[in-house]
Amino acid sequence: MLQVSTGRLINRASDGPALSAMLSRLDAEIRSSAQASRNIGDAMSLGAVADAGAQSVTENVQRIRELSVQAANDTLTDGDRQAIQQEINSLRSGIDQIASSTNFNQRNLLDGSFTNQNIQVGTGSADSVNVSIGSLTSGALGLENIDVSTSANARAAITSSSDALETTLSVRSQVGSFQNSMESTASNLMSSRIQSSATRSSWGDTDFAEASTNLQMSLLRSSTSLAALAHYNASENSILNLFR
Amino acid sequence: MTARKLLPREVARTYKQVEIAGFGKTDLLVTIYSTLITQFRRSALAIENNNIAARGEAVSNALELIGELRQSLDFHKAPELAMNLEDFYMTATQTVLKGHRHADRNSFLQLVNEFSAVVTAFEESLNS
């Protein structure tokens, strides 16, 4: 009866030991790869948060650089430079505030403490990615004592803020490269799982519409009770935990 | 002894617990799909509002739900359908991760459409 409803000849181990073993292996693989997918998703969230924080720091540093250029102009009065210094101080505080408050899952990301962290991105013990994110505090950026009270100091501030800009761009590039590596890891995870399933003779680029159409046709050929049967291991308790 | 007043979240959870306890597998499936579609919509909205924290939370919930669906598949009980469902869930996972990485609202809207179509197929199949 099940053979007719599923359209497949293999339903029991005795029907085809090799295929049955492969299906059992697939079950085990799915459990591990589902967790790895969640880890990658979390890692991407971490990357997105770090990047947004780093972008804000970069904007502040760019503004500090603009103000330093403005302050280096000898036509300004001391009063003008004081006003500029106040804005720079406020931007510098903003940088420290961003660096100390940008966190993911209660872990600070931009204060230099997020170093040498392992993200498990695959099903094997060696499938982990090590990530470190550089510090973007005003101290680490060399902006702690930035001063534009004279045109000579302002010229030095241009150099400091240019160096700080390079540092922020370097951290952003570090984060971007981590995000790219997560993306390619995600795609490798899919393709390795697909190859090992050995149920498909060829598999090109993933086409969501095609996968969806195949599934809908498969559902139309079967019944809802069969769809429930296909999700036989769904448990009320584990699913309940997902409702937040 | 005075009973502790339940927090709104606990009330909702208790209600859900009672509701789910009476579910058959089909009801569970439809509920999970509906919750998943809600998470995709939340992700799309979070991208629209540039709310990274909300996006991360919705994506995390969505991946957890898809992971649960994948892990519940039984390849021995309904091999062909389970295989097609696994393909569908893997592609969905890939689309979620891609949409999350590039903050691509359209990826999440596509997920809403595809999962809604499958729910409709469930329902049509149920009524036939």
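Start at the largest pocket: its lining has eight nonpolar, nine polar and five charged residues. (Asp, Glu, Lys and Arg count as charged, Ala, Val, Leu, Ile, Met, Phe, Trp, Tyr, Cys and Pro as nonpolar, and the others, Gly among them, as polar.) This is a predicted model, where local features need pLDDT of at least 70 and side-chain atom pairs pLDDT 80 or more, while totals for chains, interfaces and linings use all residues. Residues are numbered from 1 along each chain as its sequence is written, and chains are lettered from A in the order in which they are written.

Now select A:Asp42, A:Ser45, A:Leu46, A:Phe104 and A:Asn105, which lie nearest the pocket's centre among its 22 lining residues. Two or more lining residues come from each of helix 2 (17-71) and strand 3 (117-120) of chain A, and helix 3 (52-71) of chain B. Colour that chain B helix 3 next: with seven residues, it gives the most to the lining. (Helices, H or I, of at least four residues and strands, E, of at least two are DSSP runs, numbered from the N terminus.)

Stay in chain B and pick helix 4, residues 79-101. Its 23 residues reach 33 Å from first C-alpha to last, close to the 33 Å expected at 1.5 Å a residue. Helix 4 of chain B is largely enclosed by the rest of the structure, because 21 of its 23 residues are buried (under 20% relative accessible area with a 1.4 Å probe, protein chains only). After this helix comes B:Ala103, with a positive phi near 45 degrees.

Key
Side-chain values use heavy atoms; hydrogens and water are left out. The expected span of a helix is 1.5 Å times one less than its number of residues. Buried means under 20% relative accessible area, exposed over 50%, partly exposed in between (1.4 Å probe, protein chains only). On a 1 Å grid over the protein atoms alone, a cavity is a set of points where a 1.4 Å probe fits but cannot get out, and a pocket is an open set with protein on both sides within 12 Å along at least five of seven lines; lining residues have an atom within 4 Å of a point.
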